[in-house]
Structure formats: C-alpha cells, structure tokens
Amino acid sequence: MKRLFDVLMVMLISPLVLVLSCVVACLVYLFLGRPVFFIQKRSGRGGKAFNLVKFRTMKASGGSDAQRLTRFGRFLRASSLDELPQLWNVLKGDMSLVGPRPLPVEYLSRYSPFQMRRHEVLPGITGWAQVHGRNELDWEDKFRYDVEYIDNWSFLLDLRILFMTVK
C-alpha cells in the first residue's frame with residue numbers, strides 16, 4: 001500500500017514537479033554551471049547502496065564545503081528544492097516519500113545496532129526527524145526519531161508527516 005501511494009502521489013504531482021524542476025535545473029546551470037545534478041551513494045533499505053539524485057548546490061571548487069556553498073545553493077537547500085530529483089528515486093523504488101533520510105554509505109560501519117534499525121524501511125524524502133527539527137537535531141535525536149517512526153509506522157502517520165512537511 002505504501003509503494004502504491006508513493007507512485008500515485010509522484011504521478012499526481014509530476015506535471016508541477018517537472019515544470020519546477022526544469023526551472024531549477026536552468027537556474028542551477030546559470031548560477032553553478034555543469035553538472036546540474038549531484039549524485040551520491042546513499043544507504044537504503046537493508047543498507048543497500050543506491051544513487052541519490054539532488055540538484056547541485058555548491059561550486060565545483062573553492063575550498064571547504066562552507067566556502068563552496070553559494071547563496072543560491074543555500075536558498076535551494078532551505079526551500080528543499082534541491083530534493084526534487086529524489087522523486088525519481090521514489091519512482092525507481094530506492095526511496096519512499098516518507099522514511100528516515102538516507103545517509104552516505106560510508107557511515108554504515110559507524111552505526112550502533114539501534115541506529116542500524118533505520119535501514120529496516122526504505123529511506124524517505126521527508127521523515128519524522130525532519131518534521132521535528134530537521135537540521136537543528138543532533139544525530140542521536142535523528143536516529144531516535146527514525147526508529148520511533150519505524151516502530152509506529154502507519155499510513156496515517158505517513159499522511160501526517162507529509163502534511164507537516166508541506167506546512
């Protein structure tokens with residue numbers, strides 16, 4: 001049921017998302033050049049690696065990540081517009097609309113057994129941790145919210161998280 005809901009929702013919003021994505025892609029190209037997309041290996045369900053796709057928010061060179069992040073890139077991140085290409089990951093079945101945010105694969109070896117539970121479900125574009133503080137949360141709180149989501153998952157909880165995300 002969750003997979004069917006994900007696909008139907010993505011298909012329903014795809015006309016708007018395609019137009020918006022074309023605009024964002026053109027702006028990324030204009031402000032940051034090529035490539036337009038940032039692709040990174042992330043760990044999904046069962047720890048399986050997949051290629052997460054986002055719009056690029058940093059200059060290709062120029063020092064630290066903080067120095068490479070542009071004002072335009074900060075806007076894309078704050079508005080979550082950089083996340084739009086992840087809807088492709090949802091259609092492919094690598095991700096869900098709602099679930100724990102996928103982290104880079106190199107973090108896998110650092111997880112405790114409790115933290116590893118986040119891989120019991122598909123990762124999501126948004127999740128319980130995102131609607132409870134997103135980047136203001138420390139890692140332990142993010143993992144706690146991820147496991148809380150897994151232990152209490154329901155279709156209604158997913159709808160609540162989606163509503164809270166849009167709000």
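Residue numbers start from 1 along each chain as its sequence is written. Since the model is predicted, local features need pLDDT of at least 70 and side-chain atom pairs count only at pLDDT 80 or more, while totals for chains, interfaces and linings use all residues; side-chain values use heavy atoms, with hydrogens and water left out.

Open spaces come up here as pockets (on a 1 Å grid over the protein atoms alone, open sets of points with protein on both sides within 12 Å along at least five of seven lines). A lining residue is one with an atom within 4 Å of a point. Volumes are the space filled by probe spheres set on the points, with grid points joined across faces, edges and corners. The largest pocket comes out at about 1700 Å³. Its lining takes in 49 residues, and those closest to its centre are Lys54, Asp82, Glu83, Arg101 and Arg134. Helices (H or I, at least four residues) and strands (E, at least two) are DSSP runs numbered from the N terminus. Elements giving two or more residues to this lining are H1, S1 (37–43), S2 (49–55), H2 (65–68), H3 (71–79), S4 (124–126), H6 (139–151) and H7. Sorted by class, the lining has 27 nonpolar, 8 polar and 14 charged residues. Here Ala, Val, Leu, Ile, Met, Phe, Trp, Tyr, Cys and Pro count as nonpolar, Asp, Glu, Lys and Arg as charged, and the others, Gly among them, as polar.

The second largest pocket holds about 320 Å³. Of its 16 lining residues, Val17, Leu18, Ser21, Leu84 and Trp88 sit closest to the centre. H1, S2 and H4 (86–92) each give at least two residues to that lining, and H1 has the largest share, with 8 residues.

The model has 2 cavities of 30 Å³ or more. The largest cavity takes up about 40 Å³, and its lining is made of Lys2, Phe5, Asp6, Ser96, Leu97, Val98, Trp153, Phe155, Asp158 and Leu162. H1 (2–32), S3 (96–98) and H7 (155–166) are the elements that give two or more residues to this lining. Its classes come to 6 nonpolar, 1 polar and 3 charged residues. The second largest cavity is about 30 Å³, with Ser43, Gly44, Arg45, Pro100, Pro102, Arg118, His119, Val121 and Pro123 around it. That lining divides into 4 nonpolar, 3 polar and 2 charged residues.

On to the strands. S1 and S2 pair (DSSP finding at least two bridges between them is the requirement), and they do so in the antiparallel sense over 7 bridges. Across that pairing, Phe38 faces Lys54 of S2. The hairpin has 5 residues between the strands, and Gly46 in this hairpin takes a positive phi near 70°. As for burial, under 20% relative accessible area is called buried, over 50% exposed and anything in between partly exposed (1.4 Å probe, protein chains only). S2 has 5 of its 7 residues buried, so the strand is largely enclosed by the rest of the structure.

Aromatic pairs (rings of Phe, Tyr and Trp, the last by its six-membered ring, with centres within 6.5 Å; stacked if the planes are under 30 degrees apart, edge-to-face if over 60, tilted for the rest) number 6 in the whole structure. One of them is the stacked pair of Phe37 and Phe55, at 5.4 Å centre to centre with 20° between the planes. Phe37 belongs to S1 and Phe55 to S2, so this pair ties together parts 18 residues apart in sequence. Phe37 is partly exposed at 40% relative accessibility, whereas Phe55 is buried at 3%. Elsewhere, ring pairs join Tyr107, Tyr111, Trp139 and Phe143 into a cluster.

The search turns up 0 disulfides (pairs of cysteine sulfur atoms within 2.5 Å). Cys22 is in none, its nearest cysteine sulfur being that of Cys26, 6.7 Å away. Cys26 is likewise in no disulfide. Cys22 is exposed, with a relative accessible area of 51%, and Cys26 counts as exposed at 55%.

How values were computed. On a 1 Å grid over the protein atoms alone, a cavity is a set of points where a 1.4 Å probe fits but cannot get out, and a pocket is an open set with protein on both sides within 12 Å along at least five of seven lines; lining residues have an atom within 4 Å of a point.
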